[in-house]
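Work through the exercises below with the model open. Try each task before you read its solution.

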Amino acid sequence: MEGRQFKYIVRIAGTDIDGKLKLPYGLAEIKGIGYTTALAIIRFLGLDPNMRIGFLTEEEIRKIEDAVSDLTKLGLPSWMYNRRKDYDTGLDKHLIGPELIFHARRDIEREIRIGSWRGVRHKLGLKVRGQRTATTGRLGLTVGVRKKR
């Protein structure tokens, strides 16, 4: 780490990351990138996973940003992407940040519009993935038996 300047906050892909975090945990702070994907990026770029984010040089930060912006260039298996067979294009993609939020919201709106079962559950504010609803997921004031006075 000789000759490297420590930065307490590093900005990668529009996200401020604490410089004290180790590389995989720091990259996992970016929305849409988890620990496993972060490790794959680090191994592809040949960086040390035990290095702190604050010790990255500008060149290394630029390389990481390029890799994060288009993970398909890394040659990762398609099961690692978070948007496989995109609804519009049919391509495998990996989305990060606000782009991921936008596409997820658009998918929910599409399901509501076409009236699928998931769309109806979303519309009613109920659980979507088959969980129990008899005793869990209750919102609002409690309703129950009053105590005797």
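**Exercise 1.** Decide whether L124 is buried or exposed.

*Solution.* Start with the cut-offs: buried is under 20% relative accessible area, exposed is over 50%, and partly exposed lies in between (1.4 Å probe, protein chains only). L124 has 60% relative accessibility, so L124 counts as exposed. Now place L124: it is in helix α5, residues 117–124. Helices here are DSSP runs of H or I with at least four residues, strands are runs of E with at least two, and both are numbered from the N terminus.

The model is predicted: local features need pLDDT of at least 70, side-chain atom pairs count only at pLDDT 80 or more, and totals for chains, interfaces and linings use all residues. Residues are numbered from 1 along each chain as its sequence is written, and side-chain values use heavy atoms, with hydrogens and water left out.

**Exercise 2.** Classify A67, then find which residues it is in contact with, leaving aside neighbours within four places in sequence.

*Solution.* A67 is in helix α3, residues 58–69. Its relative accessibility is 4%, so A67 counts as buried. Contact means heavy atoms within 4.5 Å. With those neighbours set aside, A67 is in contact with I41, L45 and L74. Next, check a distance: A67 and I42 are 25 residues apart in sequence, and their C-alpha atoms are 9.5 Å apart in space.

**Exercise 3.** Which residues outside four places in sequence is I12 in contact with?

*Solution.* Skip the neighbours within four places. I12 is in contact with I17, L27, I30, L56, I61, I64 and E65.
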